[in-house]
Amino acid sequence: MTDAPTSSLPASHPLVSGRTSGSPLVRALRGDRPETLPVWFMRQAGRSLPEYRELRVGTAMLDACLDPAMASEITLQPVRRHGVDAGIFFSDIVVPIKLAGVDVEIVPGRGPVLGSPIRSAADVDALEQLDPAALAPISEAVARTVEQLGDTPLIGFAGAPFTLAAYLVEGGPSKDHIRARTLMHSDPETWSRLLAWAADVSGAFLRAQVLAGASAAQLFDSWVGSLSRADYVQSVAPHSAAALAHVADLGVPRIHFGVGSGEVLRDMTTLGTDSVGVDAVGVDWRLPLDEAVRRVGTGVTVQGNIDPAVLSAPWEVLEAHVRDVVRRGGAARAHVVNLGHGVPPETDPAVLTRIVALVHELGDGTDGAAA
Ligand code: 1CP
């Protein structure tokens, strides 16, 4: 896997030119154990940073995402501050559906809200394809960011079809995504067309980021934990595979993450097939990493899984927890240290910087020193 083909990428792409191909993140995703464990944090860009809050004053969330200079600056802020081993592109999973013409906005303190939810066959029929030209601000923001990042890789991302459908059908954030799951059972044909549309739109968004210079691609299926395993395998995994297929020919390492994903972790690794279909699987805080490895095997890198709740505990407690995460991650072929979900907005950013320094002291994570 180390020699994954990268021929469809432009020669100037950091994975091809060599700028990021030897980085700890890319090596770990491809299955090596670099001398230093890579670490980054989901939602590292955003509300925990005062410089972010300052920059965002007066600009709506989705406007910030579509302003290349602002999106790029916000992406770089946590990299400068914490010394993390990767940037994650500042955007949102609903950006591509907005660019495809869906009436969606991000309401502060709440999340994505739709003007009118998508609930019937006719609603799905009315969805429009994403015009590739609409992705220009995304490509420009990524290109600007990658230029500034030097040897540090940028992770591109997109929402998985199920998590997007959870917003599209519900019309906003919801607890158990009941309406979405009802549609899946009551009208499987409409469900399938909706997820196929979401896979196309998300896949195009992900591909634009990779072509513009992202060195890894993460698919977020944040709400996958509300599905039974049977429903996941039958009605969801094929569409996640379709979204990820949009970058398959580019040879970029692919990460698949979900929350509450213990029951389906193996299926998220295989994408419902017989063999490993991604380079890394993200694990939430509920499942110890050694147990995750027991479930997914050693053909895939694990990413995770510091409990976000422990970030605000006393340092001694947090330090012991981080060491335990690293020790358990030693069971995997390779480990990318991260949280089990996003950084809570009230987190003291100094704590994140301290975790990065600690992880970088722990070597490749297999010497038992972490214990
Ligand atoms: O004004 C603000 O600051 C709004 C807060 C915010 C931010 C900073 C939202 C609204 N989105 C984002 C950025 C964002 N969203 C990133 C940035 C890069 C980084 O990680 O540093 C990423 C990767 C996302 C992806 C995203 N959006 C996911 C998947 C990841 C996850 O955390 O599970 C999901 C589920 C969303 C939807 C969304 N957007 C925003 C909120 C508050 C939510 C969740 C709402 C809910 O609870 O349903």
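**Ground rules.** I number residues from 1 along each chain as its sequence is written. The model is predicted, so I ask for pLDDT of at least 70 for local features and 80 or more for side-chain atom pairs, while totals for chains, interfaces and linings use all residues, and side-chain values use heavy atoms, with hydrogens and water left out.

For classes, I count Ala, Val, Leu, Ile, Met, Phe, Trp, Tyr, Cys and Pro as nonpolar, Asp, Glu, Lys and Arg as charged, and the others, Gly among them, as polar. Helices (H or I, at least four residues) and strands (E, at least two) are DSSP runs, numbered from the N terminus.

**Ligand oxygens.** I listed N or O atoms close to ligand oxygen atoms. A polar side-chain atom of Ser222 lies 2.5 Å from one. For Tyr52, a polar side-chain atom is 2.6 Å from a ligand oxygen. Ala45 uses a backbone N or O atom, at 2.8 Å. Taken alone, the ligand exposes 880 Å², and the protein buries 89% of that. Areas are Shrake-Rupley values with a 1.4 Å probe.

**Largest pocket.** The ligand takes up the space of the largest pocket. A pocket here is an open set of points on a 1 Å grid over the protein atoms alone, where a 1.4 Å probe fits, with protein on both sides within 12 Å along at least five of seven lines; lining residues have an atom within 4 Å of a point. A molecule sits in one if more than half of its atoms lie within 2 Å of its grid points. The volume is about 1300 Å³, counted as the space filled by probe spheres set on the points. I find 44 lining residues, with Arg43, Arg47, Met61, Asp92 and Ile106 nearest the centre. They divide into 23 nonpolar, 12 polar and nine charged. Strand 2 gives the most, with four residues.

**His185.** I placed His185 in helix 10 (residues 178–186). Its side chain makes a 3.0 Å polar contact with that of Asp231. Such a contact is a pair of N or O atoms within 3.5 Å; within protein, one must be able to donate a hydrogen and the other to accept it, and residues adjacent in sequence count only if both atoms are side-chain atoms. His185 and Ser235 are 50 residues apart in sequence, yet 9.3 Å apart C-alpha to C-alpha.

Most residues other than glycine have a negative phi, and most peptide bonds are trans. His177 has a positive phi of about 55 degrees. His177 lies in the loop between helix 9 and helix 10. A cis peptide bond joins Gly304 and Asn305, with omega about -20 degrees. Asn305 belongs to strand 8 (residues 301–306).
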